[in-house]
Amino acid sequence: MQTTLARRQRHRRAAQRRPKGQGGRTLRRILIAIPIIVVLLGVLMAGAGLLLTAAAYNYYATGLPDPKQALGNLDFEQQTIVYDRTGKVELARLGSLKREVVVFQDIPGEALDATTSIEDQNFWENPGFDPAAIVSAFLDTLDGRPRGASTITQQLVRARLLPEEAFKGSTYERKVREIIQSIRLTEAYPGDTGKQEIITAYLNNNFYGNNSYGIKAAARGYFGKELKDLTLAQYAIIAAIPQSPTKFDLFKNAVEVCLDEDIQEGVECEKIQLEIPATSEIVQRRNYVLDLMKTRSSLAADRHSAAELEAAKREPAIIQQQVSAT
C-alpha cells in the first residue's frame with residue numbers, strides 16, 4: 001500500500017515538472033526563431049526592393065538616348081567669324097549668340113575648382129548623382145529652405161541629353177529619368193577622362209548672361225581676357241553666374257564709377273569704369289565661392305593659399321566697357 005502511494009507521488013511530481021521543462025524548451029525555440037524570421041523577412045524585402053528598383057529603372061530608362069552617342073554628337077552653336085585674306089585678322093562676328101568652344105586642356109584648374117566647389121563638390125567621384133546631397137536638400141526643404149541637389153552631370157543631362165518626351169510627365173518622373181541618364185552617362189564615360197569630357201561639355205554649354213554661352217565667351221565678354229588670364233576673383237564670379245544667369249548678368253549689376261579726380265560739377269566725366277558694388281548679391285556669391293574653394297579645390301589647391309583666396313574677396317569687381325548688355 002505504501003509502495004503504491006509512493007509510486008503515485010513520484011508520478012505527480014514528474015507530471016508537475018514536465019510542463020515546466022517543455023515550456024522552457026518552447027520559449028528557447030521561439031527566441032532562436034525570432035532573429036531567423038527577421039533575417040528572412042529582411043532578405044525577402046531586400047529582394048522585393050531590388051526587383052522593384054530594377055523594374056522602375058527599366059521603365060524610366062525606356063526611350064532615353066544612348067549616352068555615349070548623345071554626348072559624342074553634341075553640337076555647340078557658335079558665331080560665324082569673318083577673317084581677312086590672311087586668315088589671321090578677325091574682321092567681324094556674325095550672330096548675337098556668343099560662344100567659343102574650349103577643350104579641357106585649355107580650362108585652368110582654378111576655373112574647374114570654382115565651378116565644382118559651388119555646383120558639385122563631389123563631381124570627380126560621384127556616379128552622376130549625389131544621394132547625400134539629395135537627402136540634405138530634402139531636409140532643408142522641409143525646414144523651409146528649398147534648394148536643388150543636381151550634380152554637374154545632371155545639369156548637363158537636363159539641358160542637352162534628355163528627349164522632349166522626358167519633360168512631358170511630372171517633375172518627379174523627369175527627375176528620375178535625369179538621374180538614370182546621368183548614371184548611364186557616367187558609366188559610358190568612366191574614370192578621370194570621362195569626367196573631363198562631361199565637365200568640358202557642361203562649361204561649353206552653360207549660359208552666363210549677356211548672350212554669352214560657354215565659359216570662354218564669358219571671360220572674353222565680361223573681362224576682355226583669355227580664360228587662362230583671369231584672376232581668382234574673376235574665376236569665382238563666373239562660376240557664381242549659372243545659378244541665375246539673367247539676375248547675375250554682370251553688366252546688369254554694374255554701375256559707372258568716375259575715375260576723374262577733382263571733377264567739377266556739371267562737367268562730364270571722361271574716365272569711367274564699370275564696377276559691381278561689393279554689396280551686390282553676385283559679389284557676395286563670388287565671395288562664397290572663394291570661401292568654398294579653400295576646402296574644396298582639388299586641381300589647383302597647391303597653387304593658392306587660403307590667404308590668397310581671402311584676399312581675392314577684396315578685389316573690386318570691374319568689367320570691361322566695350323561690350324554692352326543686350
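**Notebook: core, helices and pocket**

I began with the largest nonpolar core, which has 64 residues, and I238, L250, I276, I282 and I319 have the most contacts inside it. Such a core is a set of buried Ala, Val, Leu, Ile, Met, Phe, Trp, Tyr and Cys residues joined through side-chain atoms within 4.5 Å; buried means under 20% relative accessible area with a 1.4 Å probe, protein chains only. Helix α9 gives the largest share of this core, eight residues.

I noted that this is a predicted model, where local features need pLDDT of at least 70 and side-chain atom pairs pLDDT 80 or more, while totals for chains, interfaces and linings use all residues. Numbering runs from 1 along each chain, and side-chain values use heavy atoms, without hydrogens and water.

Next I looked up I238: beyond its neighbours within four places in sequence, it touches Y208, I215, A218, A219, F223 and L230 (contact: heavy atoms within 4.5 Å).

Last, I checked the largest pocket, about 840 Å³ in volume. Among its 30 lining residues, I118, E119, D120, G148 and S150 are the closest to its centre. I see I118 and E119 among the buried residues of α3 too.

My note on terms: a pocket is an open set of points on a 1 Å grid over the protein atoms alone, where a 1.4 Å probe fits, with protein on both sides within 12 Å along at least five of seven lines; lining residues have an atom within 4 Å of a point. Volume is the space filled by probe spheres set on the points, which are joined across faces, edges and corners.

Technical notes
Buried < 20%, exposed > 50% of the residue type's maximum accessible area, 1.4 Å probe, protein only. Helix = DSSP H or I, 4+ residues; strand = E, 2+ residues; numbered from the N terminus.
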